[in-house]
Amino acid sequence: MFRLPVWCVIGDVLNPTKATSRVVSHLERHGKTVYCVNPSAKTVEPETLKRSLSALPVVPDVVDLIINPAVGAEQMRMAAELGIANVFVQPVRACMELRAQSAVCGSHGLWSHNHPHQFARPLSR
């Protein structure tokens with residue numbers, strides 16, 4: 001998954017005290033194109049922050065969800081609708097909650113990863 005070039009990180013991406021902003025920095029340092037989404041943002045910045053995956057100028061190869069599972073389920077549905085096949089969910093507990101909430105994603109071919117180096121498993125299993 002880390003070989004894929006275009007990522008979208010979803011969460012509190014502009015808050016320097018949150019892990020989400022550190023993930024964005026890490027991916028950029030490794031040469032990835034990174035788009036940022038925060039569904040809870042009060043304002044958006046045209047070049048750096050969007051409220052949804054559908055507002056991005058391109059469809060990313062990977063979505064990295066670092067977000068509350070209640071909000072993450074909708075983001076996973078949107079990823080499936082956009083044909084995004086790789087979703088990396090952090091932390092692992094959130095991944096388990098999202099798997100339970102998002103069974104519909106498996107029928108759309110969406111794969112979930114608890115860790116970027118593990119083998120992918122379809123959400124429907």
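**The salt bridge and its helix**

Glu-74 is partly exposed, with a relative accessible area of 39%; here buried means under 20% relative accessible area, exposed over 50%, and partly exposed anything in between, using a 1.4 Å probe and protein chains only. This is a predicted model, where local features need pLDDT of at least 70 and side-chain atom pairs count only at pLDDT 80 or more, while totals for chains, interfaces and linings use all residues. Residues are numbered from 1 along each chain as its sequence is written, and side-chain values use heavy atoms, with hydrogens and water left out.

- The side chain of Glu-74 joins that of Arg-77 in a salt bridge, at 3.4 Å from N to O; the term covers a side-chain nitrogen of Lys or Arg within 4 Å of a carboxyl oxygen of Asp or Glu.
- Side chains of opposite charge can pair when their charged atoms come close.
- Why are Glu-74 and Arg-77 about one helical turn apart? Because they sit 3 residues apart in helix α2, which covers residues 69-82.
- Arg-77 is partly exposed too, at a relative accessible area of 29%.
- Searching the whole structure turns up 1 salt bridge.
- Helix α2 also holds Gln-75, and Gln-75 is buried, with a relative accessible area of 4%.
- Beyond residues up to four places away in sequence, Gln-75 touches Ile-10, Val-37, Pro-39, Leu-53 and Leu-65; a contact means heavy atoms within 4.5 Å.

**Overall layout**

- The chain has 4 helices and 6 strands, taken as DSSP runs numbered from the N terminus (helices are H or I with at least four residues, strands are E with at least two).
- Reading from the N terminus, the order is β-α-β-β-α-β-α-α-β-β.
- Of the 125 residues in the chain, 46% count as buried.
- Among contacts with a separation of 6 or more, 60% come from residues 24 or more positions apart.
- The chain exposes about 6700 Å², and carbon and sulfur atoms supply 55% of that; the areas come from the Shrake-Rupley method with a 1.4 Å probe, and for residues only the protein chains shown count as cover.

**The nonpolar cores**

- The largest nonpolar core has 14 residues, and those with the most contacts inside it are Cys-8, Ile-10, Leu-53, Val-63, Leu-65 and Val-87. Such a core is a set of buried Ala, Val, Leu, Ile, Met, Phe, Trp, Tyr and Cys residues joined through side-chain atoms within 4.5 Å.
- Two or more residues of this core come from each of β1 (6-10), β3 (62-66), α2 and β4 (86-90).
- Which element gives the largest share of this core? That's α2, with 3 residues.
- A second, separate core has 13 residues, including Trp-7, Val-13, Val-24 and Phe-88.
- Setting aside neighbours within four places in sequence, Val-63 is in contact with Cys-8, Ile-10, Leu-53, Ile-84, Asn-86, Val-87 and Phe-88.
- Leu-65 belongs to strand β3 and counts as buried at 1% relative accessibility.
- Leu-65 and Val-89 are 24 residues apart along the chain, yet their C-alpha atoms are separated by 4.8 Å.

- Helix α1 (residues 19-29) has Thr-20, Ser-21, Val-23, Val-24 and Leu-27 as its buried residues.
- Looking down the α1 axis, these buried residues fall within an arc of 155°, so they line one face of the helix; the arc is taken from the directions from the helix axis to the C-beta atoms.
- The cover over the buried residues of α1 includes β1, β2, β3 and β4.
- Val-34 lies in strand β2 (residues 33-37) and is buried, at a relative accessible area of 14%.
- From Val-34 to Val-24 is 10 residues in sequence and 6.8 Å in space, C-alpha to C-alpha.

**Cysteines**

- How many disulfides does the structure hold? The count is 0, where a disulfide is a pair of cysteine sulfur atoms within 2.5 Å.
- For Cys-8, the closest cysteine sulfur is in Cys-36, 7.3 Å away and too far for a bond.
- Cys-8 counts as buried at 0% relative accessibility, and Cys-36 is buried with a relative accessible area of 9%.
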